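Good morning, colleagues. I would ask you to bring up the sequence and the coordinates, and to keep both in view while I speak.

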Amino acid sequence: MTTTPEPVTANYLKGLLGKPALTTLALVAAVVFGVAAVMALLIVIALMASSALSTAGLGTLLSLFACVTAGVLGYGWAGNGSFGVSVFSLEGSFSLSIFSLTTLAAIAVGTALIAKRRLAHDGLAPTLTLSALRAGIEGAVIGLVFMLVFGFIGLQPGSTDVAEGELHGKPFAIFATLWCIVAITLFVTRERTREASPITAFFARPLIAETRAFFAATFTVFAPLLLVALVLLAIKQTFATSLALIPFLGNLLLGLISMGYLGGFTAEVPFTSAELLMPWNLSPWLAVCVYLFAALSIMAAAIAVGLRRPRAAQFRADLLWRLPVGATIIWLVVVLVVLPIRTAAGMGSYGTMTITMTVTWWVPFSAAAVALLVSALAEFAPRWAYLANPKLLFFFASQHTVNRWLSGEPTAAPAATVQPEPTLAAPAAPIAAALVANDSIADHAAPAGPETPTAETAPIVENDAADEGSVPTEGAVVDEGTVVDENAIAEPASMAELLQPQPQALPLPERAPLSPQKKRGIIAVLVTVVAVVVALVAGLVTVKVLNGSRGPEAAVEHYLSLIAKGKLEAATDTVDPGVRNTERGLLTTEVFDAADHQIEVVSVGNVDEALSGNGTHALVGVELSIDGERQSIVIEAERGANSFGLLHNWEVTTPLVQRVRFEAPFEFDTIEVGDTKVEVGPSTVSEGWDERHVAEAYLYPGEYTFSIPNGEYTEFETVTMTVMPQQTLSADPHDAEPVAVEFEATASESLKKAVLALVNDEFTKCVTIPTNMESYCPYIVQNTDLAVLELGTLPGGFETFDFSSFETEPGTVKTQRNSTEWSDYDLEETKVSMRGSYSVVDGKVIIDDVSASTSFWG
């Protein structure tokens, strides 16, 4: 191995601080920020469209943008918070761990493009070690910068009386992720442009080349299915909400492929059994599409892999192991590291609870079985595609790869005898280089020239490639210390001779034109088969579409739309509330129209088949909204007899009503909803020490303003309450706790005036002889030796007043005792307040008890 002189190394490292190197670094940073910003913006838009963030301030939105950017650049988000109820409080940390594979893939592609465009300015490192060192430094700088900029910005979503917290990215995960992505991409991109680089030789290995072709074909086949599913989701849901899935399209694509390999999704929750979700649990049609595209991907991958192998006259079982090994290793990394979504919550001394969502554990092994099948089919699939139409081959590989496969692989020459001091011959001609087994080696083959290459720069060809019939370039190292002599390779006499199949290659069959009769027969068979398939598919699709509009979700959505549109009589006819007639007074259109805010249907979810029994019952998830406040509930539906034997009929059995309990301190029989008065029957007295008058009724969801009509002596406060159905385990609204609406009453001015008049009568008696001697009068007037007893002022109002007791504002009395021979008394004015209790009997106010208290002032 050749060593690089220290001055060359030092000069190269100094160049990393030069303008070209810094420009490259800045461009890479711009690519990283641009990709992350776009992905974060998509998530922020989705959050603003589906939550109250649309009214958030600029500072909150910027913090949200920075926090989301940190998450997509690293490995999700982390945070800490506290939760407290009464005397119980809990503090802890939480995290959501997920890779945004779309973001990371876009960063890798952008970085590779920058590295290629800047190669003329940056130049190649003198050695592989220096190239790796430079890429590592550049990756570390990028990771450190973005970690410092975005990793420590916290977002406080808001605090309440019971909970508060902060959310932020994971700084170290940002650094490590960007370091690996940027460094590896820069290193590989630069080294693949170097002649005879070990990296190029590594990617040229048959195992790597076949594995790359396998995954490329699989991704290409499944990508359209994912995009169609995303478009359908955007149509069914809001478009803005579906934007949040774009940064995770890579994750979804791998999940879709996992389902095609007979896998599913699983959620591991502590203290419960793992939940398993297979494709047919989501939708039978989704399962059909996934498995159909899996079959197409197997055939496409078989053609792509086969084109990267030399044609042979017999089945080569010794080549089958490569692809399963490569696919299994990659899928193990995907299932164990890349795809899992982990949610962890640390609760102090209570420990940490972790929920993991990923694909099923057997996916790497089912993928290995698929890869084995692809590897076996690869021996024949290119030939089948050639027989159908040779132009089909160009959809699965580059023109160079297809031409090499069509031409057949020439016979490998035996290695020359090992010489003590071998002399390397001149490089092979370009046409010989074009026959190397891997495309990437051909792309970077050394140009022909008179100079003699060194042992370091000579293209390396592996032994197994030679065994398969590939032709090493002249001077290629076959084994350690063994060099192929230039005379060992037979020079082709002409281009035509080179393109002729070699003896060990399987000859391509003659493609003779079909006779008109055979063409008509083939066309007739194909038309018949296509017509039958189209008829069956059309019939199945028609029944599926019709049943899709007649399923439990459709029945629930129709019922909810009647309520949302205010057609309550029709809704009541559709689903009977199942309550007494005396409790239906508020289930009318007039009451619903008087609501401050009415119900909005946000979404009607899929049927939970795991809880649906034998298929005759279904539980449908529903998300409702009232003035932005959301509630998720479950509505039950029951399947009836089919129409015409094929069309489903479903009926909703859970009425969307909520029991409401009205409470007041006085008897009532009428409730006001806005300007609408409704009789709810005579109220009853509740049990307990605090007697309250109670009446119950049922309401459809909405925000209502309730009140009780005012009486002569009472005034009731209005109460605004959101009536939202409460979820129960049985999905029966009659089992839910009622919504309590408590009215507080205040005394009317008429009642206060009536009580004050009676109290002032008693006050006047206390300054009138002989009633001034009554026990409830102040002691200052209970005196028979008074020269003056006069009324000063009557109390003008109340200090305190409720429905049973009172205390008046002070009035005044004037008194003067009779003079004696020893003293003369002055006229005194005394403040007197009256307090006591009263009651209202048959509409008449009666004073039950009264007493006086005094205070002096000069």
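This is a predicted model: local features need pLDDT of at least 70, side-chain atom pairs count only at pLDDT 80 or more; totals for chains, interfaces and linings use all residues.

The protein chain has 858 residues, and 41% of them count as buried. Its secondary structure consists of 26 helices and 31 strands. As for contacts with a separation of 6 or more, 68% of them are between residues 24 or more positions apart. The accessible surface amounts to about 44600 Å², and carbon and sulfur atoms contribute 62% of that area.

Which residues of α26 are buried? They are Leu751, Val755, Leu756, Val759, Asn760, Glu762 and Phe763. Viewed down the axis of α26, these buried residues fall within an arc of 160 degrees, so they line one face of the helix.

The peptide bond from Ile769 to Pro770 is cis, with omega near 10 degrees.

Trp321, Val325, Ile329, Leu332, Val333, Leu336, Val337, Trp361 and Phe365 together make a nonpolar surface patch of about 920 Å². Which helix gives the most to this nonpolar patch? It is α14, residues 322-338, with 6 residues. Trp321, another member of the patch, is located in the loop between α13 (284-307) and α14. With a relative accessibility of 47%, Trp321 counts as partly exposed.

One further tryptophan deserves a remark here. Trp362 sits in the loop between β8 (352-359) and α15 (363-377), and its relative accessible area of 26% makes it partly exposed. Trp362 and Leu332 are 30 residues apart in sequence, and their C-alpha atoms are 9.7 Å apart in space. Leaving aside neighbours within four places in sequence, Trp362 is in contact with Leu262, Gly263, Leu276 and Met278.

Leu262 belongs to the loop between α11 (249-260) and β5 (265-268), and at 54% relative accessibility it counts as exposed. Asp627 is likewise not a glycine and has a positive phi, of about 55 degrees. Asp627 lies in the loop between β13 (617-626) and β14 (629-639), and at 49% relative accessibility it counts as partly exposed.

I come finally to the charged pairs.

Consider Glu210 and Arg322, whose side chains meet in a salt bridge at 3.4 Å, N to O. This pair links distant parts of the chain, with Glu210 in helix α9 (residues 206-236) and Arg322 in helix α14, 112 residues apart. Are these two residues buried or exposed? Both Glu210 and Arg322 are buried. They also belong to a network of salt bridges that links Glu210, Arg309, Arg316, Arg322 and Glu379.

Glu807 and Arg835 form another salt bridge, at 3.1 Å, N to O. Glu807 lies in strand β28 (residues 805-808) and Arg835 in strand β30 (residues 828-841), so this pair ties together parts that are 28 residues apart in sequence. Glu807 is partly exposed at 23% relative accessibility, and Arg835 is partly exposed at 38%.

A further salt bridge joins the side chains of Asp576 and Arg584, at 3.1 Å, N to O. Asp576 has a relative accessible area of 47% and is partly exposed; Arg584, with 22%, is also partly exposed.

To close, I would return your attention to helix α14, which gives the most to the nonpolar patch and also holds Arg322, the partner of Glu210 from helix α9. Thank you for your attention.

How values were computed. Residues are numbered from 1 along each chain as its sequence is written. Side-chain values use heavy atoms; hydrogens and water are left out. Helices (H or I, at least four residues) and strands (E, at least two) are DSSP runs, numbered from the N terminus. Buried means under 20% relative accessible area, exposed over 50%, partly exposed in between (1.4 Å probe, protein chains only). Contact means heavy atoms within 4.5 Å. Accessible areas come from the Shrake-Rupley method with a 1.4 Å probe; for residues, only the protein chains shown count as cover. The arc is that of the directions from the helix axis to the C-beta atoms. Patches are made of residues with over 30% relative accessible area and no salt bridge: like charges are joined within 9 Å, nonpolar side chains (Val, Leu, Ile, Met, Phe, Trp, Tyr) within 5 Å. A salt bridge is a side-chain nitrogen of Lys or Arg within 4 Å of a carboxyl oxygen of Asp or Glu.
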